[in-house]
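These are my notebook entries on a single protein chain. I looked up the strand pairing, the helix packing, the cores and the charged pairs, in that order.

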Amino acid sequence: MRKLIMKMSISIDGFVAGIHGELDWMFKSGDDHSSAWVLNICESAGIHLMGRKTFEVMASYWPASTNPFAAAMNEIPKAVFTKEGYHPKTKDFADNTKLPANSSWMNARVFDAGLIEGIKALKAESGKPILAHGGAEFMRSLIET
């Protein structure tokens with residue numbers, strides 16, 4: 001059974017984003033040691049798991065990024081959980097970002113049924129750990145699950 005690892009960046013004062021949803025603080029606040037530690041975790045994943053909101057933010061950023069995390073974020077398969085249904089292949093992002101054809105973003109597995117069933121299915125598969133990324137709402141749901 002695969003492990004489920006929850007990865008969430010949080011400021012020392014308990015925030016996961018700025019007042020307008022800004023996430024830029026994450027790459028400004030670490031040192032070389034902490035960045036290498038997080039990169040190792042990201043590279044060790046067998047699949048990156050996220051909720052729809054986080055998926056949309058990451059999918060609009062990582063494909064064009066030259067950040068050291070880009071290879072791990074772009075090459076490793078994705079799974080997205082949503083309550084509303086979701087189709088990455090037909091998604092138009094607000095900033096007109098287009099997902100690269102045949103990318104791990106375009107071909108993300110979509111789970112629109114229950115979170116419990118989806119997590120059980122992913123954990124039952126063989127492979128490297130499941131790395132869950134997300135904000136407070138998605139992580140809260142995972143913890144409850």
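**Entry 1. Partners of strand S5**

I began with Lys 7 and found it opposite His 133, a residue of S5. The strand S1 (residues 4-7) is joined to S5 by 4 bridges, and these two strands run parallel. I note here that the model I am reading is a predicted one.

I then turned to S2. S2 also pairs with S5 in the parallel sense, over 4 bridges. Within this pairing I located His 48 opposite Leu 131 of S5, and Leu 49 opposite Ala 132 of S5.

Which way do the residues of S5 point? I recorded Ile 130 and Ala 132 on one side, with Leu 131 and His 133 pointing the other way. All four are buried.

**Entry 2. The sheet as a whole**

I next asked in what order the strands of the sheet are arranged. On average, neighbouring strands are turned by 25° against each other, direction ignored.

**Entry 3. Helix H3**

I listed the buried residues of helix H3 (residues 52-61): Arg 52, Thr 54, Phe 55, Glu 56, Met 58 and Ala 59. They pack against strand S2 (47-51), helix H4 (70-75), strand S3 (78-81) and strand S5 (130-133).

Arg 52 forms a salt bridge with Glu 56, with the closest N and O atoms 3.6 Å apart. Both residues lie in H3, 4 residues apart, which is about one turn of the helix. Are they buried or exposed? Arg 52 has a relative accessible area of 19% and is therefore buried, the cut-off being under 20%. Glu 56, at 18% relative accessibility, counts as buried as well.

**Entry 4. Thr 82**

Arg 52 came up again when I examined Thr 82. Thr 82 is found in the loop between S3 and strand S4 (109-111). Its relative accessibility is 6%, so it counts as buried. What does Thr 82 contact, leaving aside its neighbours within four places in sequence? I found contacts with Arg 52, Val 110, Phe 111 and Asp 112.

**Entry 5. Nonpolar cores**

I looked up the largest nonpolar core, which has 20 residues. Those touching the most other members are Cys 42, Phe 55, Met 58, Trp 62, Phe 69, Met 73 and Trp 105. Helix H2 (32-43), H3 and H4 each supply at least two residues of this core. Another core, of 13 residues, lies apart from it; among its members are Leu 49, Leu 122, Ile 130 and Leu 142.

How many salt bridges does the structure hold? I recorded 4.

In one of them the side chains of Arg 2 and Glu 125 meet at 3.1 Å, N to O. Arg 2 lies in the segment before S1 and Glu 125 in the loop between H5 and S5, so this pair ties together parts that are 123 residues apart in sequence. Arg 2 is buried, with a relative accessible area of 7%, whereas Glu 125 is partly exposed at 27%.

Glu 125 also meets Arg 109 in a salt bridge, at 2.8 Å from N to O. Because Arg 109 lies in strand S4 and Glu 125 in the loop between H5 and S5, the pair ties together parts that are 16 residues apart in sequence. Arg 109 counts as partly exposed, at 34% relative accessibility. Through shared partners, salt bridges join Arg 2, Arg 109 and Glu 125 into one network.

**Entry 6. Confidence**

Finally I checked the confidence of the prediction. The mean pLDDT of the chain is 83, and 83% of its residues reach 70 or more. Confidence is lowest in helix H1 (residues 25-28), with a mean of 62, and highest in S5, at 95.

Definitions and conventions:
Residues are numbered from 1 along each chain as its sequence is written. This is a predicted model: local features need pLDDT of at least 70, side-chain atom pairs count only at pLDDT 80 or more; totals for chains, interfaces and linings use all residues. Side-chain values use heavy atoms; hydrogens and water are left out. Buried means under 20% relative accessible area, exposed over 50%, partly exposed in between (1.4 Å probe, protein chains only). Contact means heavy atoms within 4.5 Å. pLDDT is the predictor's confidence in each residue, from 0 to 100. Two strands pair if DSSP finds at least two bridges between them. Axes are lines fitted to C-alpha atoms, for helices over the stretch in contact, and angles run from 0 to 180 degrees between N-to-C directions. A nonpolar core is a set of buried Ala, Val, Leu, Ile, Met, Phe, Trp, Tyr and Cys residues joined through side-chain atoms within 4.5 Å.
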